[in-house]
Amino acid sequence: MATKAPKTDIDESKVAVSGRKKVAVGVPAVLHALEISYEQMGVKRSVETLMRVNQKNGFDCPGCAWPEADHRHIAEFCENGAKAVAEEATLRRVEPAFFAAHSIAELEAHDDWWLGQQGRLTDPMILDEGATHYRPISWDDALHEIATALRDLDDPDEAVFYTSGRTSNEAAFLYQLLVRGLGTNNLPDCSNMCHESSGSALTETLGIGKGTVSIDDVHNADLLIVAGQNPGTNHPRMLSALEKAKQNGATIVAVNPLPEAGLLRFENPQTPRGVILGGTKMADEFVQIRLGGDQALFQAIGKHLLEVEERDGGVLDHDFIAAHTSGFDDYRRAMADASWAELVEATGVAEGTMRRVAELVRTSPSTIVCWAMGLTQHKHAVATLRDVVNVLLLQGNIGRPGAGVCPVRGHSNVQGDRTMGIYEKPSEAFLAALDEEFGFTAPREHGFDTVQAIRAMRDGRARVFMAMGGNFVSATPDTAVTEAALRNMDLTVQVSTKLNRSHVVTGRRAIILPTLGRTDRDRRTGRDGVAREQKITVEDSMSAVHASRGRLAPPSDDLLSEVAIIARICRLLFGDDAVGTRPVEASDRPGTTHPVEHDLGQAERSPANERARAGIEDDDARVQHPANVPQADWAALETDYTLIRKHIANVVPGFDDFEKRVDKGRTFILPNGPRDARTFATATGKAMFTVNELEFPRIPEGRVILQTLRSHDQYNTTIYGKDDRYRGIHGGRRVVLVNAEDVAALGFADGEIVDLVSEWTTPSGEVEERRAEEFRIVPYPTPRGNAAAYYPETNVLVPLDSTADVSGTPTSKSIVVRFEHRS
C-alpha cells in the first residue's frame with residue numbers, strides 16, 4: 001500500500017553535503033527508483049505499470065523526450081522516468097474534502113515538493129471571487145463558465161492559452177484549433193523557455209527548427225560533442241545510447257561548467273559490465289567551460305579547422321560547401337579575424353585544449369553536436385547555435401549518417417506540440433491548411449510567447465489565462481512579477497493531473513480541471529453507446545511518432561481526457577451548444593486580422609475602449625455568434641481520436657496514413673529535409689553559414705554569474721525528493737554551488753547562509769535587484785566566477801525582460817548575482 005502524503009515541507013535546516021559522485025546510474029539508481037515507486041504506487045501496481053513504460057503496446061513515459069530504439073528492453077525506463085510514472089500513477093488522491101480542509105492561503109504557504117506529493121486531482125473545482133477555499137463544481141458548469149468567460153472578452157487577444165510538453169498530439173492539435181477558432185494566436189508554451197533558441201537558429205540556418213539526427217545516427221557517430229547538457233539527470237536513457245556509441249568506437253567530448261557524473265562514467269544496470277565490471281567511461285575529453293562561453297568554443301573550433309585547411313588542406317568538404325551552403329566566404333573572413341586571446345577569455349579554456357578538441361573534430365568522419373539548456377538560455381544563445389551549425393557545415397556534417405545537430409528536448413511531447421501548431425508565430429502554410437480543413441479563416445497576426453504573455457497579463461491586456469498542463473508559476477522567470485500577473489486575471493484555468501503552485505496563485509476566479517494522465521486508461525463512449533479505448537500519439541526528440549495507451553483505472557470515474565475537455569469547450573464556443581453572445585464588432589470577430597501593437601500602450605486600445613470613445617453603446621455593438629469559426633463534429637472528435645488524426649493528416653505534412661502508421665506499436669519518422677535529402681528551406685535555399693559577433697558574460701567585481709538547474713530528484717518543476725545525490729546534496733534544495741576560491745575571495749565561508757541578489761541593467765540604464773533568501777554556500781568545482789542553484793527556487797532572480805536575442809528565451813543560465821550576509 002502506498003504511503004501517505006507528507007505533512008510538512010522540506011526542512012532546509014537539515015541539508016547535508018557529501019562528496020559528489022563520479023559515476024551515474026548503477027544499482028543505487030535502481031533501488032532509489034523502486035523506493036519511490038513503491039511509496040507512491042505500492043509493489044504490485046509498480047511492477048505492472050513500469051513494465052509498460054515505453055513499450056510498443058504500452059504508454060509513453062511522461063518524462064523526457066529521448067527516443068527508443070526499435071528493439072525495447074523489458075525495462076525501457078530510467079530512474080527519473082520511474083519517478084515520473086510513480087508521481088502520475090500514485091495512489092494518493094486530492095479530493096474535494098482536501099480543498100475544504102485547506103484554504104488557498106494555507107496551500108500557498110507550502111513548498112512545491114509538498115504540493116506535488118499530495119496526489120492526483122479527482123474533481124473539477126472552482127474558486128469564487130473573494131472565496132478562501134475551492135469548492136466542487138460539475139463538469140458541465142465548469143466548462144460553461146470557461147466558455148462564457150471567453151465569449152465575454154472584448155477581444156480574443158485578451159485570452160492566453162499555455163501548453164505543457166505533456167500534452168498529446170491529438171490534444172495539442174485540438175487545443176490550437178480552439179484558440180485560433182476564438183480568433184487569436186496567443187499560444188505560449190514551455191518551448192519558449194527552453195529550446196526556442198534552438199528552433200530560431202536552426203530554422204534560419206538549416207530551414208527546420210528540429211534536430212537532424214536519428215537514434216541510429218547517435219549509435220554510429222564517430223564524435224559526439226555533448227554541450228550544456230546533463231543527461232545523467234535530465235535524460236538518463238541517453239546514456240545507454242552514448243554507451244552504445246562508445247562500444248562502436250565513438251569519442252565523446254563533454255562541455256559543461258560542472259563536472260556531471262553521467263558524463264564521467266555510466267554503470268548500465270541492464271548489463272553485466274554496468275553491474276559488475278565498473279561500467280563505461282563516457283567523456284574522453286571534459287571541457288570545463290565558463291557559463292556563456294560556448295559560442296567562443298565553437299568559434300575556436302571553426303577557426304582552427306580553417307587555419308589547418310589554409311595550411312595543409314584536406315579539412316573541409318568543398319563539394320558540400322559549394323553545392324549546399326551560402327555565406328562561407330564571409331564566415332571564413334570573420335574567423336580569420338577572431339582573436340585567440342578573446343576566445344580564451346570567453347571560455348576560460350586554454351588555447352591548447354580548444355585546439356585539441358578541434359583536432360578531434362577535424363579527424364572525425366561524422367560528428368554530432370548535442371545540447372540542451374546550457375546553450376539556449378543566454379542572451380546570445382541563438383548566435384551560439386548558429387556557430388554550432390557553422391562548425392558542422394565546414395565538413396558536411398548535415399545529411400550524413402552519424403552526423404548532424406541534436407537539440408535534446410526536455411518534456412515528452414514538447415516537440416510534437418510545436419508540430420501540431422502550438423506556436424504563437426504559425427506559418428502561412430499551416431494556417432492555410434487549417435482554413436481549408438475546417439472552413440474558417442484563422443488569425444494571421446502573431447500572438448504572445450511566454451514572456452510577452454506575462455507582460456500582457458501584468459499590464460491588463462489579458463483577462464483569461466488557461467493552461468493545458470504544466471506549472472506556469474514555477475516554470476517561468478521573475479516569480480513575483482509572474483504571480484502578480486496571474487492575480488490580475490479575471491479567470492485562470494488549470495488542466496492538470498496533480499496539485500502544483502499554479503493552483504494556488506490564481507486570478508480573481510479560478511477553475512481546476514483534473515485530467516487523465518499517460519498511465520490512465522482512456523475509454524470514450526460514442527453515439528452508438530459503445531465504449532472504446534483510445535490511444536494518443538507523441539513525437540520524440542528525433543521526429544519519431546508513436547502511439548501511447550494507458551492501462552490504469554483513472555483516479556475517478558468521471559475524469560475527462562484533455563481531448564474531451566477541449567472538444568466540449570469547442571462545442572460550447574463553435575457548435576450547436578454554443579453559449580450566449582459576446583460583445584464584438586464585425587472587424588473583431590474571431591479569425592479577422594487586425595493590427596495589434598504588443599506594447600505597454602495597448603491596454604488603452606481594446607475594442608471596448610474604442611467603442612466608448614466613439615460613443616457606441618455596448619448593447620448596440622453586440623452581434624450573434626460569428627460565422628467565422630471552425631466547422632467540426634466536436635462530439636465525435638471527443639469520443640473517437642482516429643477522427644482527430646484524420647484531420648491532422650490533412651493539415652500537417654508527413655502525417656499521411658497516420659492511423660495505419662501508428663497501428664500495432666509502429667513508429668514512423670517525420671520528413672526532415674536537411675537529413676533526408678540535404679534540402680534547406682532557408683532564405684537562400686541552402687544551408688547558411690552566418691557571421692556572429694562574439695558575446696559572453698562579463699563578471700562585475702564582487703559578483704558571480706549564476707545558472708539555474710535541476711536537482712537529480714526533480715524533473716522540470718516537479719520535485720520528486722529532497723536529494724541531489726550525484727552532486728552530494730541531501731535533505732534540502734536551498735544551496736548555491738560556488739568555486740571554493742570565490743567563496744574565500746568574496747568574504748564568505750563554507751556552509752554560510754546567504755541571500756542571493758540578482759542585478760540586471762535595464763535598457764534605460766537602471767539597475768534592478770531581485771532577492772532569493774537563505775541559501776547555503778557549498779564549495780563546488782565550478783569555474784571561477786560561476787555558480788549554480790536549483791529552480792524554481794531561483795526563478796525569482798531571473799528578470800522578465802532579460803531574454804535571448806531573437807528567440808525571447810529567459811536568460812536563466814547567465815544571471816549576475818551577489819551574495820549578502822544574513823543579518
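# Structural briefing: sheets, a helix pair and selected residues

Pro-792 is located in the loop that lies between strand S34 (786-790) and strand S35 (815-821). The peptide bond joining Tyr-791 to Pro-792 is cis, with omega about 10°. The model described here is predicted.

**The loop between S34 and S35**

- Val-806 also belongs to the loop between S34 and S35.
- The phi of Val-806 is positive, about 75°, although this residue is not a glycine.
- Val-806 counts as exposed, because its relative accessibility is 56% and the cut-off for exposed is over 50%.

**The closed barrel**

- Six strands form a closed barrel in the order S27-S34-S31-S33-S32-S35, and the pairing is mixed.
- From one strand to the next, the twist averages 45°.
- Opposite Val-738 stands Pro-779 in S33.

- Strand S5 (residues 125-127) and S6 run antiparallel and are joined by 2 bridges.
- Met-125 has Pro-136 of S6 opposite it.

- Strand S21 pairs with strand S22 (residues 544-548) in the antiparallel sense, over 4 bridges.
- Thr-537 has Ala-547 as its bridge partner in S22.
- In a regular strand, side chains alternate between the two faces of the sheet.
- In S21 (residues 536-539), Ile-536 and Val-538 point one way, whereas Thr-537 and Glu-539 point the other way; all are buried.
- The hairpin has 4 residues between its strands, and Ser-543 takes a positive phi near 65° there.
- Ser-543 is a residue other than glycine, and its relative accessibility of 2% places it among buried residues.

**The pair of helices H17 and H18**

- Two packed helices are described by the angle and the distance between their axes.
- For helix H17 (residues 340-347) and helix H18 (residues 351-362), the axes come within 10 Å and cross at roughly 95°.
- H17 and H18 are therefore roughly perpendicular to each other, since crossing angles of 65 to 115 degrees fall in that class.
- H17 contributes Trp-340, Leu-343, Val-344 and Thr-347 to the contact, while H18 contributes Glu-351, Met-354 and Arg-355.
- By type, the residues of this contact comprise 4 nonpolar, 1 polar and 2 charged.

- Thr-280 is part of strand S11 (residues 280-281).
- With a relative accessible area of 6%, Thr-280 is buried, because the cut-off for buried is under 20%.
- The side chains of Thr-280 and Glu-243 are joined by a polar contact of 2.8 Å.
- Apart from neighbours within four places in sequence, Thr-280 is in contact with Glu-243, Lys-246, Leu-264, Arg-265, Phe-266 and Arg-273.

Methods: Residues numbered from 1 in each chain as written. Predicted model: local features only at pLDDT ≥ 70, side-chain atom pairs only at ≥ 80, totals over all residues. Heavy atoms only, no water. Axes fitted to C-alpha atoms, helices over the stretch in contact; angles between N-to-C directions. Parallel < 35°, antiparallel > 145°, perpendicular 65-115°, else oblique. Contact = heavy atoms within 4.5 Å. Nonpolar A, V, L, I, M, F, W, Y, C, P; charged D, E, K, R; others polar. Buried < 20%, exposed > 50% of the residue type's maximum accessible area, 1.4 Å probe, protein only. Pairing = 2+ DSSP bridges. Polar contact = N/O pair within 3.5 Å; in protein donor to acceptor, adjacent residues only side chain to side chain.
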